[in-house]
Amino acid sequence: MEPQPCPFEKIHPSELHRDAGYFMTHAYNEAIEAWKKDEVPIGAVIEHGGRIIAAAHNQSRSTNDPTAHAEILAISQAAHALGDWRLNECTLYVTKEPCPMCSGALVIARIGKVFFGLPDEKMGCLGGATDLGALPRSNHHFESTGGVLEDLNHEILRAFFEKKRALNAAKKSASNDPESFPEEFESP
Ligand SMILES: [Zn+2]
């Protein structure tokens with residue numbers, strides 16, 4: 001796969017203020033890495049003790065694996081780094097509200113807290129479509145906060161899908177191929 005040009009540039013936040021914006025900026029930078037591999041630009045990092053112990057981006061297309069979402073990859077990295085599958089002391093930052101699979105994995109991993117960028121009322125399962133962090137009979141609940149660097153995280157996804165749509169339309173008109181738009185490119 002040729003590296004894809006990405007019109008967005010990475011942001012280097014101050015190391016002095018390690019707030020939600022700091023960690024989300026690192027997640028956003030991971031989303032840019034995804035774009036460069038022609039993947040849907042979603043990124044995630046996991047913080048433990050003030051330090052990033054996992055950083056990942058969506059890789060579903062390049063690995064041909066529908067489970068290779070940024071959050072799932074970051075959860076595996078973090079558990080490996082800690083030598084413990086329980087992530088109670090960890091906070092996950094992800095650029096878009098997690099899907100049903102990732103939200104479920106966060107419950108199973110006993111994540112401490114989640115911050116996400118763009119809310120997703122269609123597929124988001126941390127308050128958008130439903131909230132898996134608050135299952136009434138589950139013994140693990142966690143808080144999640146959306147809207148962190150929302151505009152930035154929305155813009156990169158919007159631009160990516162717009163580019164894909166334009167390419168798809170051009171391809172269709174060239175070949176008269178009636179193939180519909182792939183589900184994975186459905187705009188959030
Ligand atoms: Zn997911």
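I call a crossing left-handed if the near helix is turned anticlockwise from the far one by less than a right angle, and right-handed if clockwise. Helices (H or I, at least four residues) and strands (E, at least two) are DSSP runs, numbered from the N terminus.

The model is predicted: local features need pLDDT of at least 70, side-chain atom pairs count only at pLDDT 80 or more, and totals for chains, interfaces and linings use all residues. Residues are numbered from 1 along each chain as its sequence is written.

Entry 1, the helix pair. I looked up the crossing: α3 passes α4 in a left-handed way. The angle is about 20 degrees, and the axes are 9 Å apart. Axes are lines fitted to C-alpha atoms, for helices over the stretch in contact, and angles run from 0 to 180 degrees between N-to-C directions. Angles under 35 degrees count as roughly parallel, over 145 as roughly antiparallel, 65 to 115 as roughly perpendicular and the rest as oblique. I therefore log α3 and α4 as roughly parallel.

Entry 2, the residues. In α3, E71, I72 and I75 meet C102, A105 and L106 of α4. Contact means C-beta atoms, placed from the backbone, within 7 Å.

I found H69 between α2 (60-63) and α3. Is H69 buried or exposed? H69 is buried, because 25 other C-beta atoms lie within 10 Å; the cut-offs are 20 or more for buried, 12 or fewer for exposed, and partly exposed in between, with C-beta atoms placed from the backbone. Leaving aside neighbours within four places in sequence, H69 contacts N58, S60, C99, M101 and C102.
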